[in-house]
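Subject: Structure for you to look at

Hello,

Here is the structure I promised to hand over. My notes follow it.

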Amino acid sequence: MTELTAAPAKKAGAFYYETVTWVQHWTDELFSFRCTRDPGLRFQSGQFVMVGLEVDGKPLLRAYSIASPAWHDELEFYSIKVQDGPLTSRLQHLKVGDQVLIGRKPTGTLVLDGLKPGKRLYMLGTGTGLAPWLSLAREPEVYERFEKVIVTHTVRHVSDLNYRELFEEELKTDEVLSELIGDKLLYYPTVTRDPFKTQGRITDLIASGQIFSDLGLPKLDPAEDRFMLCGGPSVLKDLKIQLEALGYVEGSVSQPGDYVLERAFVET
């Protein structure tokens, strides 16, 4: 089998031309793919980048959180499928060997440097807002900075709990990461429309205290708990109100705080 390599990027262009190496269709509405990574692309785990295709000689792009950690030699992305969406209607048909455009300038607020030191890091994600946690949960520095790392994933249907095996099994047995992670990583999946062991919106589970009793964690304390938020605009708005009512302050790289957020980008 011929090894896949990245096509050479056009000189002075805004994009790298990369080659798809793996595609996974989870459901009729969700899929993931990986592509080669140019050695010149540098990013921090949790950041996003522009991703797209060349259509009629022009780039068609959307912002995607990078789902692979910064140390990985490939790039992974987690996407919805919108049948009449300008980009995802095309992107969902990717096959191994196809080319994708990857922007040269990663950015984003979901980075560790945006947070003050703390004991526990909560990464709250809905839908494909899980993507940055897929990157950060495999980032060694996260476990060096925090005693507990809690990844929540709220979806409508049980079938949407993609990457569940990664959190429940694979990371615990990973020959490189398992020793570092130990018992620090807690995974908390919740479902809103199907019967499941944990049901409801993450805002409700925080308000009722159920998430803390389920995980054996203390109630929220702005002096010790840090948050990263990624998902749909409505849930982010509600979470922001909820956290700020408890005294949490939004942070940035220039002025680290108690929480940072990024909305889920790809909706078409």
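Where is Asp56 found? Asp56 is in the loop between strand 3 and strand 4; helices (H or I, at least four residues) and strands (E, at least two) are DSSP runs, numbered from the N terminus.

Before the rest, the conventions. This is a predicted model, in which local features need pLDDT of at least 70 and side-chain atom pairs count only at pLDDT 80 or more, while totals for chains, interfaces and linings use all residues. Residues are numbered from 1 along each chain as its sequence is written, and side-chain values use heavy atoms, with hydrogens and water left out.

The hairpin

Strand 3 (residues 48–55) and strand 4 run antiparallel and are joined by 8 bridges; two strands pair if DSSP finds at least two bridges between them. In this pairing Val49 stands opposite Tyr64 of strand 4. The hairpin has 2 residues between the strands, and there Asp56 takes a positive phi near 55°. Most residues other than glycine have a negative phi, and Asp56 is not a glycine. Asp56 counts as exposed because its relative accessibility is 76% (buried means under 20% relative accessible area, exposed over 50%, partly exposed in between, with a 1.4 Å probe and protein chains only).

Glu76 and what surrounds it

Glu76 lies in strand 5 (residues 74–80). Glu76 is buried, because its relative accessible area is 4%. Its side chain makes a polar contact of 2.6 Å with the side chain of Tyr163. A polar contact is a pair of N or O atoms within 3.5 Å; within protein, one must be able to donate a hydrogen and the other to accept it, and residues adjacent in sequence count only if both atoms are side-chain atoms.

Tyr163 is in the loop between strand 8 and helix 4. Tyr163 also has a positive phi, near 75°, and is a residue other than glycine. With a relative accessible area of 9%, Tyr163 is buried.

Leaving aside neighbours within four places in sequence, the residues in contact with Glu76 include Trp22, Arg34, Ser65, Arg138 and Tyr163 (contact means heavy atoms within 4.5 Å). Of these, Ser65 is found in strand 4 and counts as buried at 7% relative accessibility. Arg34 lies over the face of Trp22, 3.8 Å from the ring centre; a charge sits over a ring if NZ of Lys or CZ of Arg is within 6 Å of the ring centre and within 35 degrees of the ring normal. The charged end of Arg104 likewise sits over the ring of Tyr16, at 4.3 Å from its centre.

Aromatic pairs

Rings of Phe, Tyr and Trp (its six-membered ring) pair if their centres lie within 6.5 Å; planes under 30 degrees apart count as stacked, over 60 as edge-to-face and the rest as tilted. By this rule the count comes to 9 aromatic pairs. In one of them, Tyr64 and Phe77 have ring centres 6.1 Å apart and planes at 75°, so the pair is edge-to-face. Tyr64 lies in strand 4 (residues 58–65) and Phe77 in strand 5, so the pair ties together parts that are 13 residues apart in sequence. Tyr64 and Phe77 are buried. Tyr122 and Phe227 are stacked, at 4.8 Å centre to centre with 10° between the planes. Tyr122 belongs to strand 7 (residues 120–126) and Phe227 to strand 10 (residues 225–231), so this pair links parts 105 residues apart in sequence. Phe31, Phe33, Tyr64 and Phe77 form one aromatic cluster.

An open sheet is formed by 5 strands in the order 9-8-7-10-11, with parallel pairing. Strand 9 (185–191) and strand 11 (259–263) are at the edges with a single partner strand each, so one side of each has no neighbour in the sheet. The twist averages 10° from one strand to the next; axes are lines fitted to C-alpha atoms, for helices over the stretch in contact, and angles run from 0 to 180 degrees between N-to-C directions. Strand 7 and strand 8 (residues 148–155) pair over 7 bridges, and His153 in strand 8 is the bridge partner of Gly125.

Helix 4 (residues 164–173) packs on the sheet, touching strand 8 and strand 9, and its direction makes about 150° with that of strand 9.

Regards
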